[in-house]
Amino acid sequence: MTSFEYQEALKNAAKSMVRVKNPRRLLKMIVRFINREVGLSHASILMYDQDKSQYIFVDSRGRHRIPIKLVKLDERNPLIRWFSEKGNHTGKDRLSKDYLTHEQVNLWLKNPAIMNNGHADELKEHILQLQDVMLTLKAAVCVPGYYKKELLGVLILGEKIAGGAFTPEELSFFQTLANDASMTIKNARYQEDLLAKNLLLEKKRTILQERLREIEQMRKKEQETYYQIVMSLAREVYAKDPYTSGHMEDVARLGVMTAEKLGFDLTGKKKDILVAALHLHDVGKIGIPDHVLMKPERLTDEEWKIMKEHPSRGAMILEPLTDFKRVAHIVRHHHERFDGKGYPDGLKGEEIPIEARIIAVVDAFHAIVSTRCYRRGRSVLIAFDELRANAGTQFDAEVVNAFIAAYQSSSMDQTEYKSHHDAH
Amino acid sequence: MKLLIVDDEVEICDFLKSFFEERNYEVRSATSGEEALKAVEQFKPHVVLLDIKMPGVNGVQVLQEIKAKFPKLKVIMVTALETRDKIEECLRLGADNYITKPLSLEYLENDVREKIEAVTNSSSA
């Protein structure tokens, strides 16, 4: 092979190796190729281990190969210092750092022009140490691999088996390989770092999502517990009045039937909201003293004022139920009147939530037919008359009609209320 | 300056052997625990470099036997194992140092030289 052909062969080899993206594989290929094509006592690669801040042998081939994972060179090692110290010592700067050959080191040591400058002692000492390291590693040539100014590794090559010095072509080929390998290592590390960062981010996101789910579950549980507490409060309100206890479910049923008659949309959560409002509309009465709540006589103005607070108290109790914000809103307005003369806010007509308008009718009916501490229950027909008489003023007329129609067509035993009031 | 190198990897033995021979040590190597114990009796080294993970008699057992028979013989553990337990166990059994691979040759040589100097000084005194 002519020198030119040899050089071309080396160049082609370098080109094909550059395409290898995995740095470990590339380093192995480089070592194997040099060992085979150039014929050396050994070809080895020192690589920088980021985690441990040291240079270790990652591959070595040939008769005098260096056992990998046995030897490390730390940053204070003369060879590493030689290649990584840049511009610190003016004396060394004048000497080539592209690569080191055994011959060159020996020549420097014999050259009085190099040895006899201002840094002679230190420089000489360093070059002597270099000679020692190269001898230990049986290195004829050391070629550094840089990325920017960072020393990523060193190609350590033994003597040619056939003897003789390295040609300039071979040396420049080694340099090309060392630099390509450095580039590949750096790129791979960069990608690894990116991957690791992505992985970390992904992990963090998963943890965050789990945490959010936990919080959501806790919140749901809290809400359920709270709902149960409120429900038991509502039951207590009903229970205080012995005549109405047990009617909570009837009220809810009548309300839903009325809504259905009205063609009110009960899909999704809407039915739950309506039922909850029907159950809970009087929960605010829990704060009203019994002597007011169960007073047989007419209430005084002061007592009446307290009594009229129950819708807003109820809404306040229900406020923490974020899933049922609307329930609180409905409860607040179940004593509004269609003509705007109700309480607490004097809303009128369509301003009043439809569920509240339904509750107003069902609640009034319930009050009329039930025997209360202050009067006996009256018949369903009387109740209907009263609802009709107040339709358009106190009640929404459409709701009144729907309620009466629903009640009449229901399978509910209409004598139930009658028997109730007959019994007392 | 007699040094015995014990490692089941021939390559490591050869590399360290030539390293120390170039520095004027008299070196023998052994690639098993049994071989090592025999070499200790016959070669009578000043210092032993001892690997731990070996088939058959392992380094810790070799250390125990050496220290039982030749308490003054310096033993430096040279191993890739670096668990705290292993290190403590070896030091308790009398190991004179514990060096993990990959190692710095400079440090290793300094340590070997120190140990040999200590032994030769005390025996001449």
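Colleague: What makes B:Asp51 count as buried or exposed in this predicted model?

Modeller: A residue is buried if 20 or more other C-beta atoms lie within 10 Å of its own. B:Asp51 has 25 C-beta neighbours inside 10 Å, and therefore counts as buried.

Colleague: Where is B:Asp51 placed, and which residues does it touch?

Modeller: B:Asp51 is in the loop between β3 (47–50) and α3 (59–69) of chain B. Not counting residues up to four places away in sequence, B:Asp51 touches B:Val6, B:Asp7, B:Asp8, B:Gly59, B:Val78 and B:Thr79. The unreviewed UniProt entry annotates B:Asp51 as "modified residue: 4-aspartylphosphate".

Colleague: How do you know whether α2(B) is roughly parallel or antiparallel to α3(B)?

Modeller: The axes of α2(B), residues 33–43, and α3(B) come within 10 Å and cross at roughly 20 degrees. Angles under 35 degrees count as roughly parallel, so α2(B) is roughly parallel to α3(B). The crossing of these two helices is right-handed. Their contact is made by B:Gly33, B:Ala36, B:Leu37 and B:Val40 of α2(B), together with B:Gln61, B:Val62, B:Glu65 and B:Ile66 of α3(B). By class, these residues divide into five nonpolar, two polar and one charged.

Colleague: Why is α13(A) called roughly antiparallel to α14(A)?

Modeller: The axes of α13(A), residues 310–318, and α14(A), residues 325–332, cross at roughly 170 degrees and come within 7 Å. Angles over 145 degrees count as roughly antiparallel; therefore α13(A) is roughly antiparallel to α14(A). Among the residues that make the contact are A:Pro311 and A:Leu318 of α13(A) and A:Val327 and A:Arg332 of α14(A). The contact has six nonpolar, two polar and one charged residues.

Technical notes: Residues numbered from 1 in each chain as written. Chains lettered and ligands numbered in written order. Predicted model: local features only at pLDDT ≥ 70, side-chain atom pairs only at ≥ 80, totals over all residues. Axes fitted to C-alpha atoms, helices over the stretch in contact; angles between N-to-C directions. Helix = DSSP H or I, 4+ residues; strand = E, 2+ residues; numbered from the N terminus. Parallel < 35°, antiparallel > 145°, perpendicular 65-115°, else oblique. Contact = placed C-beta atoms within 7 Å. Nonpolar A, V, L, I, M, F, W, Y, C, P; charged D, E, K, R; others polar. UniProt positions renumbered as here; feature names shortened; annotations may be inferred. Buried ≥ 20, exposed ≤ 12 C-beta atoms within 10 Å, placed from the backbone. Left-handed = near helix turned anticlockwise from the far one by under 90°.
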